[in-house]
There are 2 protein chains.
Amino acid sequence: MLLQPSSKRTTCGTADEVSGLRMTRQRQEVYRVLLAQRDHPTANDVFMRVKDGLPNISLATVYNCLEALVAHNLVRQVNFEREPSRYCPNLEEHGHFHDQGTGVIHDVKFKPGITLADVLELPRGAVIQDVEINLRGQLRLA
Amino acid sequence: MLLQPSSKRTTCGTADEVSGLRMTRQRQEVYRVLLAQRDHPTANDVFMRVKDGLPNISLATVYNCLEALVAHNLVRQVNFEREPSRYCPNLEEHGHFHDQGTGVIHDVKFKPGITLADVLELPRGAVIQDVEINLRGQLRLA
DNA sequence: CCCGATAGCAAGAATTATTCTAAATTCATG
DNA sequence: CATGAATTTAGAATAATTCTTGCTATCGGG
(Lines give C-alpha, C1' and ligand atoms only; values in the text may rest on other atoms or scores of the structure.)
Protein backbone atom coordinates (compact mmCIF):
# COMPACT_ATOMS: atom_id res chain seq x y z
CA MET A 1 0.00 0.00 0.00
CA LEU A 2 2.42 2.60 -1.16
CA LEU A 3 1.10 6.06 -1.31
CA GLN A 4 1.90 8.03 -4.36
CA PRO A 5 0.90 11.45 -5.49
CA SER A 6 -1.00 9.62 -8.12
CA SER A 7 -1.99 10.88 -11.50
CA LYS A 8 -4.54 13.62 -11.73
CA ARG A 9 -7.75 11.68 -11.48
CA THR A 10 -9.99 14.70 -11.36
CA THR A 11 -13.54 13.53 -11.13
CA CYS A 12 -15.13 16.51 -9.53
CA GLY A 13 -12.24 18.88 -9.73
CA THR A 14 -10.08 17.67 -6.89
CA ALA A 15 -6.50 16.53 -7.14
CA ASP A 16 -4.24 13.97 -5.48
CA GLU A 17 -6.29 12.42 -2.75
CA VAL A 18 -6.15 9.29 -0.67
CA SER A 19 -9.43 8.34 0.94
CA GLY A 20 -10.70 11.81 0.14
CA LEU A 21 -7.73 13.42 1.87
CA ARG A 22 -5.55 15.80 -0.02
CA MET A 23 -2.03 14.41 0.16
CA THR A 24 0.14 17.35 0.90
CA ARG A 25 3.87 17.05 1.25
CA GLN A 26 3.55 17.15 5.03
CA ARG A 27 0.80 14.53 5.26
CA GLN A 28 2.70 12.32 2.89
CA GLU A 29 5.83 12.51 4.95
CA VAL A 30 4.02 11.92 8.23
CA TYR A 31 2.32 8.90 6.74
CA ARG A 32 5.55 7.62 5.23
CA VAL A 33 7.30 7.87 8.58
CA LEU A 34 4.51 5.89 10.25
CA LEU A 35 4.74 3.14 7.67
CA ALA A 36 8.53 3.06 7.75
CA GLN A 37 8.90 2.36 11.46
CA ARG A 38 5.91 0.69 13.01
CA ASP A 39 6.81 1.18 16.62
CA HIS A 40 3.80 3.24 17.70
CA PRO A 41 5.52 6.61 17.90
CA THR A 42 4.07 9.59 19.70
CA ALA A 43 3.32 12.84 17.88
CA ASN A 44 6.65 14.14 19.06
CA ASP A 45 8.49 11.05 17.83
CA VAL A 46 6.87 11.55 14.44
CA PHE A 47 7.82 15.21 14.52
CA MET A 48 11.47 14.38 15.06
CA ARG A 49 11.51 11.77 12.33
CA VAL A 50 9.72 13.92 9.81
CA LYS A 51 12.14 16.77 10.33
CA ASP A 52 14.80 14.79 8.51
CA GLY A 53 12.89 15.20 5.29
CA LEU A 54 11.01 18.43 6.05
CA PRO A 55 13.18 20.46 8.39
CA ASN A 56 10.70 23.33 8.59
CA ILE A 57 7.64 21.36 9.59
CA SER A 58 6.06 22.42 12.85
CA LEU A 59 4.76 20.24 15.63
CA ALA A 60 1.30 21.73 15.16
CA THR A 61 1.36 20.52 11.58
CA VAL A 62 2.32 17.05 12.68
CA TYR A 63 -0.69 17.08 14.98
CA ASN A 64 -2.86 18.37 12.14
CA CYS A 65 -1.60 15.71 9.76
CA LEU A 66 -2.06 12.92 12.27
CA GLU A 67 -5.57 14.15 12.99
CA ALA A 68 -6.35 14.21 9.27
CA LEU A 69 -4.93 10.73 8.70
CA VAL A 70 -6.88 9.37 11.65
CA ALA A 71 -10.08 11.07 10.52
CA HIS A 72 -9.69 9.46 7.10
CA ASN A 73 -8.93 6.05 8.55
CA LEU A 74 -5.42 5.74 7.22
CA VAL A 75 -3.96 5.63 10.70
CA ARG A 76 -5.15 4.66 14.14
CA GLN A 77 -4.62 6.64 17.29
CA VAL A 78 -3.67 4.50 20.27
CA ASN A 79 -4.17 5.77 23.78
CA PHE A 80 -2.55 4.05 26.67
CA GLU A 81 -3.52 5.11 30.14
CA ARG A 82 -2.83 8.83 30.28
CA GLU A 83 0.32 8.65 28.22
CA PRO A 84 0.80 10.68 25.06
CA SER A 85 -1.15 9.29 22.12
CA ARG A 86 0.63 6.95 19.79
CA TYR A 87 -0.03 6.33 16.12
CA CYS A 88 -0.30 3.10 14.23
CA PRO A 89 -0.74 2.45 10.51
CA ASN A 90 -2.10 -1.06 11.10
CA LEU A 91 -5.74 -0.81 10.11
CA GLU A 92 -6.73 -4.36 10.95
CA GLU A 93 -8.83 -4.57 14.07
CA HIS A 94 -6.33 -5.36 16.77
CA GLY A 95 -5.37 -4.61 20.34
CA HIS A 96 -2.13 -3.60 21.98
CA PHE A 97 0.08 -5.27 24.52
CA HIS A 98 2.34 -2.89 26.37
CA ASP A 99 5.39 -4.68 27.70
CA GLN A 100 6.25 -2.95 30.96
CA GLY A 101 9.75 -4.32 30.87
CA THR A 102 10.88 -2.84 27.58
CA GLY A 103 8.19 -0.26 26.93
CA VAL A 104 7.54 -1.83 23.55
CA ILE A 105 3.97 -1.99 22.31
CA HIS A 106 3.00 -5.12 20.40
CA ASP A 107 0.00 -5.44 18.15
CA VAL A 108 -2.32 -8.25 19.23
CA LYS A 109 -4.62 -9.86 16.71
CA PHE A 110 -7.96 -11.43 17.40
CA LYS A 111 -8.15 -15.16 16.95
CA PRO A 112 -9.89 -15.93 13.69
CA GLY A 113 -13.67 -16.04 13.77
CA ILE A 114 -14.01 -14.24 17.06
CA THR A 115 -16.38 -11.30 17.35
CA LEU A 116 -16.90 -9.03 20.27
CA ALA A 117 -20.43 -10.25 20.82
CA ASP A 118 -19.01 -13.71 21.46
CA VAL A 119 -17.02 -12.37 24.33
CA LEU A 120 -18.86 -9.50 25.94
CA GLU A 121 -22.35 -9.01 27.26
CA LEU A 122 -23.09 -5.92 25.26
CA PRO A 123 -26.03 -3.72 26.19
CA ARG A 124 -29.12 -4.43 24.10
CA GLY A 125 -29.13 -2.38 20.93
CA ALA A 126 -25.51 -1.36 21.20
CA VAL A 127 -23.95 -0.51 17.85
CA ILE A 128 -20.20 -0.55 18.22
CA GLN A 129 -18.25 2.01 16.25
CA ASP A 130 -14.86 1.56 17.76
CA VAL A 131 -13.04 -0.93 19.93
CA GLU A 132 -9.97 -0.35 22.01
CA ILE A 133 -8.18 -3.19 23.76
CA ASN A 134 -5.10 -2.42 25.79
CA LEU A 135 -3.11 -4.95 27.78
CA ARG A 136 -0.35 -4.21 30.20
CA GLY A 137 2.12 -6.83 31.34
CA GLN A 138 5.50 -8.44 31.02
CA LEU A 139 7.05 -10.75 28.52
CA ARG A 140 8.41 -13.64 30.55
CA LEU A 141 10.39 -15.49 27.97
CA ALA A 142 11.21 -19.03 29.00
CA MET B 1 -5.90 0.72 79.06
CA LEU B 2 -9.55 1.22 78.44
CA LEU B 3 -10.58 2.80 75.22
CA GLN B 4 -13.85 4.54 74.94
CA PRO B 5 -15.20 5.64 71.62
CA SER B 6 -14.03 9.21 71.58
CA SER B 7 -16.99 11.34 70.68
CA LYS B 8 -14.83 14.32 70.09
CA ARG B 9 -13.03 13.19 66.98
CA THR B 10 -14.17 11.77 63.77
CA THR B 11 -16.68 9.02 63.72
CA CYS B 12 -14.18 6.77 62.07
CA GLY B 13 -11.83 6.69 65.02
CA THR B 14 -8.19 5.78 64.67
CA ALA B 15 -5.99 3.86 62.36
CA ASP B 16 -8.49 1.61 60.65
CA GLU B 17 -7.06 0.47 57.42
CA VAL B 18 -8.61 -1.04 54.34
CA SER B 19 -6.28 -3.05 52.16
CA GLY B 20 -3.37 -1.52 54.03
CA LEU B 21 -4.61 1.99 53.30
CA ARG B 22 -5.20 4.36 56.15
CA MET B 23 -8.79 5.42 55.88
CA THR B 24 -8.76 9.12 56.51
CA ARG B 25 -11.89 11.21 56.50
CA GLN B 26 -11.09 12.41 52.98
CA ARG B 27 -10.39 8.98 51.52
CA GLN B 28 -13.50 7.66 53.16
CA GLU B 29 -15.64 10.37 51.67
CA VAL B 30 -14.12 10.01 48.22
CA TYR B 31 -14.73 6.29 48.35
CA ARG B 32 -18.24 6.73 49.68
CA VAL B 33 -19.08 9.13 46.85
CA LEU B 34 -17.83 6.64 44.28
CA LEU B 35 -19.95 3.87 45.74
CA ALA B 36 -23.02 6.07 46.06
CA GLN B 37 -23.28 7.09 42.42
CA ARG B 38 -21.67 4.67 40.04
CA ASP B 39 -21.68 6.81 36.97
CA HIS B 40 -17.93 6.90 36.34
CA PRO B 41 -17.28 10.42 37.56
CA THR B 42 -14.13 12.38 36.76
CA ALA B 43 -11.84 13.65 39.50
CA ASN B 44 -13.59 16.97 39.25
CA ASP B 45 -17.03 15.38 39.53
CA VAL B 46 -15.85 13.60 42.65
CA PHE B 47 -14.46 16.86 43.97
CA MET B 48 -17.81 18.60 43.63
CA ARG B 49 -19.70 15.76 45.24
CA VAL B 50 -17.31 15.39 48.13
CA LYS B 51 -17.51 19.08 48.93
CA ASP B 52 -21.02 18.58 50.25
CA GLY B 53 -19.63 16.61 53.15
CA LEU B 54 -16.15 18.12 53.35
CA PRO B 55 -16.38 21.71 52.16
CA ASN B 56 -12.68 22.37 52.70
CA ILE B 57 -11.29 19.48 50.71
CA SER B 58 -9.00 20.46 47.86
CA LEU B 59 -8.92 19.09 44.35
CA ALA B 60 -5.33 17.98 44.88
CA THR B 61 -6.49 15.89 47.81
CA VAL B 62 -9.19 14.32 45.71
CA TYR B 63 -6.50 13.35 43.21
CA ASN B 64 -4.36 12.01 46.03
CA CYS B 65 -7.23 10.00 47.46
CA LEU B 66 -8.20 8.58 44.10
CA GLU B 67 -4.59 7.64 43.44
CA ALA B 68 -4.37 5.93 46.82
CA LEU B 69 -7.63 4.06 46.30
CA VAL B 70 -6.51 2.94 42.85
CA ALA B 71 -3.10 1.89 44.12
CA HIS B 72 -4.77 -0.25 46.78
CA ASN B 73 -7.21 -1.78 44.35
CA LEU B 74 -10.34 -0.39 45.87
CA VAL B 75 -11.17 1.60 42.76
CA ARG B 76 -10.38 1.39 39.08
CA GLN B 77 -9.25 4.23 36.90
CA VAL B 78 -10.91 4.30 33.49
CA ASN B 79 -9.33 6.15 30.62
CA PHE B 80 -11.29 6.87 27.50
CA GLU B 81 -9.46 8.32 24.55
CA ARG B 82 -7.81 11.45 25.83
CA GLU B 83 -10.69 12.46 28.06
CA PRO B 84 -10.24 13.09 31.76
CA SER B 85 -9.86 9.90 33.77
CA ARG B 86 -12.95 8.44 35.33
CA TYR B 87 -13.23 6.32 38.42
CA CYS B 88 -15.15 3.16 39.02
CA PRO B 89 -15.65 1.12 42.20
CA ASN B 90 -16.58 -2.00 40.24
CA LEU B 91 -13.64 -4.33 40.79
CA GLU B 92 -14.88 -7.19 38.63
CA GLU B 93 -12.96 -7.49 35.41
CA HIS B 94 -15.10 -5.65 32.92
CA GLY B 95 -14.99 -3.29 29.99
CA HIS B 96 -16.75 -0.04 29.22
CA PHE B 97 -19.19 0.95 26.54
CA HIS B 98 -19.35 4.66 25.93
CA ASP B 99 -22.67 5.67 24.43
CA GLN B 100 -21.93 8.56 22.10
CA GLY B 101 -25.53 9.64 22.14
CA THR B 102 -25.94 10.22 25.85
CA GLY B 103 -22.35 10.24 27.02
CA VAL B 104 -23.19 7.54 29.53
CA ILE B 105 -20.60 4.85 30.21
CA HIS B 106 -21.93 1.36 30.76
CA ASP B 107 -20.01 -1.46 32.39
CA VAL B 108 -19.71 -4.46 30.09
CA LYS B 109 -19.14 -7.89 31.57
CA PHE B 110 -17.35 -10.77 29.95
CA LYS B 111 -19.48 -13.71 29.02
CA PRO B 112 -18.94 -16.48 31.56
CA GLY B 113 -16.02 -18.77 30.93
CA ILE B 114 -14.25 -16.49 28.51
CA THR B 115 -10.60 -15.72 29.00
CA LEU B 116 -8.44 -13.34 27.06
CA ALA B 117 -6.34 -16.14 25.66
CA ASP B 118 -9.48 -17.53 23.98
CA VAL B 119 -9.89 -14.36 22.06
CA LEU B 120 -6.51 -12.80 21.39
CA GLU B 121 -3.29 -14.09 19.93
CA LEU B 122 -1.12 -13.00 22.81
CA PRO B 123 2.64 -12.83 22.37
CA ARG B 124 4.42 -15.94 23.65
CA GLY B 125 5.25 -15.58 27.32
CA ALA B 126 3.03 -12.58 27.88
CA VAL B 127 1.92 -12.22 31.49
CA ILE B 128 -1.04 -9.87 31.58
CA GLN B 129 -1.29 -7.57 34.55
CA ASP B 130 -4.07 -5.33 33.42
CA VAL B 131 -6.75 -5.30 30.74
CA GLU B 132 -8.59 -2.32 29.38
CA ILE B 133 -11.49 -2.72 26.97
CA ASN B 134 -13.24 0.38 25.72
CA LEU B 135 -16.08 0.44 23.23
CA ARG B 136 -17.55 3.48 21.58
CA GLY B 137 -20.92 3.44 19.88
CA GLN B 138 -24.59 4.19 20.03
CA LEU B 139 -27.53 2.57 21.72
CA ARG B 140 -30.08 2.02 18.96
CA LEU B 141 -33.10 0.96 20.91
CA ALA B 142 -35.66 -0.80 18.76
C1' DC C 1 1.14 12.20 78.60
C1' DC C 2 4.89 14.01 75.75
C1' DC C 3 7.84 13.90 71.82
C1' DG C 4 9.75 13.13 67.51
C1' DA C 5 8.69 10.93 63.18
C1' DT C 6 5.66 10.09 59.54
C1' DA C 7 1.70 10.55 56.69
C1' DG C 8 -1.74 13.33 54.90
C1' DC C 9 -3.82 17.75 53.58
C1' DA C 10 -4.48 22.41 51.30
C1' DA C 11 -3.35 26.05 48.15
C1' DG C 12 -1.34 27.36 44.52
C1' DA C 13 2.38 26.92 41.10
C1' DA C 14 4.26 24.04 37.56
C1' DT C 15 4.05 20.69 33.94
C1' DT C 16 2.82 19.00 29.52
C1' DA C 17 0.30 17.00 25.74
C1' DT C 18 -2.64 19.01 22.92
C1' DT C 19 -5.49 22.63 20.76
C1' DC C 20 -6.27 27.17 19.24
C1' DT C 21 -5.22 31.67 16.86
C1' DA C 22 -3.78 34.53 13.43
C1' DA C 23 -1.02 35.45 9.72
C1' DA C 24 1.33 33.64 5.75
C1' DT C 25 1.47 30.28 2.04
C1' DT C 26 -0.08 26.88 -1.12
C1' DC C 27 -3.27 25.05 -4.19
C1' DA C 28 -7.41 24.18 -7.12
C1' DT C 29 -10.28 26.23 -10.07
C1' DG C 30 -12.58 29.66 -12.93
C1' DC D 1 -3.69 35.38 -13.53
C1' DA D 2 -7.32 36.04 -9.78
C1' DT D 3 -9.85 34.26 -6.14
C1' DG D 4 -11.13 31.76 -2.35
C1' DA D 5 -10.47 27.73 0.27
C1' DA D 6 -7.38 24.66 2.52
C1' DT D 7 -3.06 24.15 4.77
C1' DT D 8 0.99 25.39 7.31
C1' DT D 9 3.45 27.78 10.86
C1' DA D 10 4.91 29.87 15.31
C1' DG D 11 3.53 30.91 19.31
C1' DA D 12 -0.07 31.52 22.78
C1' DA D 13 -3.66 29.23 25.27
C1' DT D 14 -5.91 25.33 27.50
C1' DA D 15 -6.75 21.89 30.88
C1' DA D 16 -5.95 17.68 33.35
C1' DT D 17 -2.79 16.31 36.34
C1' DT D 18 1.31 16.57 39.27
C1' DC D 19 4.47 18.89 42.20
C1' DT D 20 5.97 21.99 46.04
C1' DT D 21 5.65 23.92 50.33
C1' DG D 22 4.10 24.66 54.75
C1' DC D 23 0.99 23.05 57.95
C1' DT D 24 -1.76 19.62 60.74
C1' DA D 25 -3.02 15.17 62.30
C1' DT D 26 -1.72 10.81 63.70
C1' DC D 27 1.31 7.04 65.31
C1' DG D 28 4.62 4.69 68.31
C1' DG D 29 7.79 4.69 71.99
C1' DG D 30 9.31 6.15 76.37
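Q: A cavity is a set of grid points where a 1.4 Å probe fits but cannot get out. How many cavities of 30 Å³ or more are there in this model?
A: The model is a predicted one. By this rule the count comes to one cavity of 30 Å³ or more. The largest cavity holds about 60 Å³ of space.

Q: Which residues line the largest cavity?
A: A lining residue has an atom within 4 Å of a point of the space. From chain A, the lining has Phe110(A), Leu116(A), Val119(A), Leu120(A) and Ile133(A). From chain B, it has Phe110(B), Leu116(B), Val119(B), Leu120(B) and Ile133(B). Two helices each supply at least two of the lining residues: α4 (116-119) of chain A and α4 (116-119) of chain B.

Q: What makes a space a pocket and not a cavity?
A: A pocket is an open set of points, with protein on both sides within 12 Å along at least five of seven lines. The largest pocket has about 460 Å³ of space. The second largest pocket has about 400 Å³.

Q: Which residues lie nearest the centre of the largest pocket?
A: They are Asn73(A), Arg76(A), Asp130(A), Val131(A) and Arg136(B). The lining has 21 residues. Nine are nonpolar, six polar and six charged.

Q: Which element gives the largest share of the lining of the largest pocket?
A: That element is β7(A), with six residues. Chain A elements that each supply at least two lining residues are α3 (59-71), β3 (76-78), β5 (94-99) and β7 (126-139).

Q: Why is the largest pocket said to lie between two domains?
A: Domain 1 (17-86) and domain 2 (95-137) of chain A both give residues to its lining, so the pocket lies between them.

Q: Which residues are closest to the centre of the second largest pocket?
A: Of its 14 lining residues, the closest are Arg136(A), Asn73(B), Arg76(B), Gln77(B) and Asp130(B). Two elements of chain B give two or more residues to this lining, β3 (76-78) and β7 (126-139). The largest share is four residues, from β7(B). Four lining residues are nonpolar, four polar and six charged. Domain 1 (17-86) and domain 2 (92-137) of chain B each give at least three residues.

Q: What makes β7(A) and β7(B) a pair?
A: Two strands pair if there are at least two bridges between them. Between β7(A) and β7(B) there are 13 bridges, so the two strands pair. The sense is antiparallel. Among the facing residues, Asp130(A) stands opposite Arg136(B), and Gly137(A) stands opposite Ile128(B).

Q: How many bridges join β5 of chain B to β6(B)?
A: Five bridges join them, and the two strands run antiparallel. Gly95(B) stands opposite Val108(B) in β6(B).

Q: Why is one side of each β6 left without a neighbour in the sheet?
A: Six strands form an open sheet, in the order β6(A)-β5(A)-β7(A)-β7(B)-β5(B)-β6(B). The pairing is mixed. β6 (105-109) of chain A and β6 (105-109) of chain B stand at the edges, each with a single partner strand, so one side of each has no neighbour in the sheet. From one strand to the next, the twist averages 25°.

Methods. Residues are numbered from 1 along each chain as its sequence is written. Chains are lettered from A and ligands numbered from 1 in the order in which they are written. This is a predicted model: local features need pLDDT of at least 70, side-chain atom pairs count only at pLDDT 80 or more; totals for chains, interfaces and linings use all residues. Side-chain values use heavy atoms; hydrogens and water are left out. Grid points are joined across faces, edges and corners, and a volume is the space filled by probe spheres set on the points. Ala, Val, Leu, Ile, Met, Phe, Trp, Tyr, Cys and Pro count as nonpolar, Asp, Glu, Lys and Arg as charged, and the others, Gly among them, as polar. Domain bounds come from an automatic or database domain assignment. Axes are lines fitted to C-alpha atoms, for helices over the stretch in contact, and angles run from 0 to 180 degrees between N-to-C directions.
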